[in-house]
Amino acid sequence: MSGEESISYTESIHRAKNIYRFPLIPVRGIPLMSHIANNWDEICAFQPHPSDLLIATYPKAGTTWTQEIVDLLLHNGDADVCRRAPTVQRVPFLEIFAPQPIPSGLELLSKMDPPRVIKTHLPIQLVPKGFWENKCKTIYVARNAKDNMVSYFHFDRMNQTQPEPGPWDGYIHKFMKGELGWGSWYDHVKGYWKERQTRNILYLFYEDMKENPRREVERVMRHLDLLLPDDVISRIVELTSFQVMKENPMANYTFIPKPIFDFSISPFMRKGVVGDWSNHFTAEQSKMFDEDYERKMEGWNIPFRTQI
Ligand code: A3P
């Protein structure tokens, strides 16, 4: 993708009309923003190439971080190549179908040759079947529920196209009931966990990436059947650190203008830590959430950590 195209993409966002908080409409029981739900048939019919790679996450689990790691791995750690365009353009967001003139994920994909790296927040049962029929490699990133929710709350406050988050206390209940965009966190993480062995899914945890980024970058590298020298891996770890990505305009979403992302409310690269939930939950909210969590996650043994 050329720099020129990247500029016109940014300009197109500046020109975008009809920016508002899109309501949620259920698609096969999953609440999705109306611009996605209204174009569902086209999204669902997308046919990937077997060489395409899917990065799947519940929103705010560490998608952008993983996109940057993958892009750098595929380009031998070349920072300049990875600054060729904003993340959204390097790694199309499959189901996003924002109003014209913002290009949809499908529109971007139609202009790219495989192998492509594709982002989705869809729960596994809504991912277009072609990904599984073609045995596309998939990376799933999961983040502990409490930090994931805190991050989503701040994102919903600042992203003026997301549904209105309302007050924190009510938000906790919406999260627990699976009423946020892309549905239940609990079902999302379980869905991919259940299929991880049968569908070639590398299941990563945000907390592991924070604890030992090098180890996790190497796991991604092996999943992509790559073998890069140690110094390149070290460079990738450095380039994908929170601080470096926060300063990188091609990774930190600052190119999205205020009518869409209001950075005066919250930055996209907000804190990037494990355990920020303890600054948001009261002791009572935490107890209530944990009890409900135990019931919902009973028997699954997915090794989430709320502290490292
Ligand atoms: P916080 O809001 O907790 O800071 P996504 O990309 O899925 O939307 O996730 C965004 C979350 O990942 C934000 O979390 C963001 O700060 C965090 N993040 C992005 N890049 C990161 C990095 N390199 N290291 C750690 N966290 C990162």
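The lining of the second largest cavity divides into five nonpolar, one polar and two charged residues (nonpolar: Ala, Val, Leu, Ile, Met, Phe, Trp, Tyr, Cys and Pro; charged: Asp, Glu, Lys and Arg; polar: the others, Gly among them). The structure is a predicted model, in which local features need pLDDT of at least 70 and side-chain atom pairs count only at pLDDT 80 or more, while totals for chains, interfaces and linings use all residues. Residues are numbered from 1 along each chain as its sequence is written, and side-chain values use heavy atoms, with hydrogens and water left out.

The second largest cavity holds about 50 Å³ of space and is lined by Glu68, Leu72, Ala79, Cys82, Arg83, Leu239, Val244 and Asn248. A cavity is a set of points, on a 1 Å grid over the protein atoms alone, where a 1.4 Å probe fits but cannot get out; lining residues have an atom within 4 Å of a point. Points are joined across faces, edges and corners, and a volume is the space filled by probe spheres set on them. At least two lining residues each come from H4 and helix H5 (79-82) (helices are DSSP runs of H or I, at least four residues, numbered from the N terminus).

Two cavities of 30 Å³ or more were found in a search of the whole structure. By class, the lining of the largest cavity has 29 nonpolar, 15 polar and six charged residues.

Technical notes: 1 Å grid on protein atoms, 1.4 Å probe; cavity = no way out; pocket = protein on both sides within 12 Å on 5 of 7 lines; lining within 4 Å.
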